[in-house]
Amino acid sequence: MALRGKLILSGAFAGLILATGCSPLEDANNGKGYAGKADTPAFETGGGQYTAGGFKAGDKESWEETLNVRAKAQNEYVRTGDSAKAQ
Amino acid sequence: MARMKFLCDAERCIECNGCVTACKNEHEVEWGINRRRVVTINDGEPGERSISVACMHCSDAPCQAVCPVNCFYKTDEGVVLHDKDLCIGCGYCFYACPFGAPQFPQEGAFGQRGKMDKCTFCAGGPEEDASEAEFEKYGRNRLAEGKLPLCAEMCSTKALLAGDGDVVSDIFRNRVVVRGKGAEVWGWSSAYGQPAKEGA
């Protein structure tokens, strides 16, 4: 009787393990997307002591302009003042 | 603002690995992790080409789609970032990524993986901007400082461009017109999809 009980218990345990292991992964955030901590937008804090470009913290437009100026500066035709090639 | 994008011009990349070094140094990336790397095709043969590869911050990021704990998010600028506190190091993102961008530190014995690490477009992560915690987990937040990713900004041949997708593609278009060849951009259609055709 004791042996039978042990067999039933171990069978139930194995079944439980199998059911848990084979079930699909649950969506960690119930399908609502990102589940982590909120991030502050890059333009909000002003960037600390190494900030470049003189944009003001929280001013999205000036921040975007700062980044655009830097992005355009990657064009060497503009950097070298070669207006014939810069378009 | 449009989306932030990387563009690597294979006609210009000279495989100097300056971008790789800059990234490692700027973010103090640990040994064994390469957020950016240079891949050379047909090495040593005529017509060899090199490209600098990192997370491309895809429009429809497959890593974000497959993550079982939803630790990925996309900023307003289109930068794909993740919360390391949530990551379980399962490696699904690595299998999904067409660029092999996600990296995993080997923290223990038997190939045990640590939390995923990848290029952040120098935009930090979900910690207070410019804080010690942000630097430790994700590296410098250059975007918050009004700067672009260092790999692109210090690229000596300007093969690697980063920034607003419209600005970057304008620079590349200008370049292709001047040199008259090399209009193919590696990885763009995989990362950002095909451009919409007029009248389609």
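Q: Which residues touch the most other members of the largest nonpolar core?
A: This is a predicted model, in which local features need pLDDT of at least 70 and side-chain atom pairs count only at pLDDT 80 or more, while totals for chains, interfaces and linings use all residues. A nonpolar core is a set of buried Ala, Val, Leu, Ile, Met, Phe, Trp, Tyr and Cys residues joined through C-beta atoms within 7 Å; a residue is buried if 20 or more other C-beta atoms, placed from the backbone, lie within 10 Å of its own, exposed if 12 or fewer do, and partly exposed in between. In the largest such core, which holds 56 residues, those that touch the most other members are B:Phe6, B:Phe72, B:Ala152, B:Leu160, B:Leu161 and B:Val168.

Q: Which residue of chain A does B:Ala152 touch?
A: Residues are numbered from 1 along each chain as its sequence is written, with chains lettered from A and ligands numbered from 1 in the order in which they are written. Two residues are in contact if their C-beta atoms, placed from the backbone, lie within 7 Å. Leaving aside residues up to four places away in sequence, B:Ala152 touches B:Phe6, B:Leu160, B:Leu161 and B:Ala162, and from chain A it touches A:Gln74.

Q: How many residues of α2(A) belong to the side of chain A that touches chain B?
A: The contact draws 37 residues from chain A and 35 residues from chain B. Helices (H or I, at least four residues) and strands (E, at least two) are DSSP runs numbered from the N terminus, and both α2 (60-72) and α3 (76-79) of chain A supply at least two residues of this side. The largest share comes from α2(A), with 8 residues.

Q: Why do the buried residues of α2(A) line one face of the helix, and within what arc do they fall?
A: The buried residues of α2(A) are A:Trp63, A:Thr66, A:Leu67, A:Arg70 and A:Ala71. The arc is that of the directions from the helix axis to the C-beta atoms. Seen down the axis of α2(A), these residues line one face because they fall within an arc of 135°.

Q: Which elements of chain B are included in what covers the buried residues of α2(A)?
A: The helix itself belongs to chain A, where its buried residues include A:Trp63 and A:Leu67. From chain B, what covers the buried residues of α2(A) includes β6 (160-164) and α6 (165-179).

Q: What percentage of the residues of chain B count as buried?
A: Chain B has 7 helices and 6 strands, and its C-alpha atoms fill a box of roughly 50 × 45 × 30 Å along the principal axes. Of its 200 residues, the share that counts as buried is 44%.
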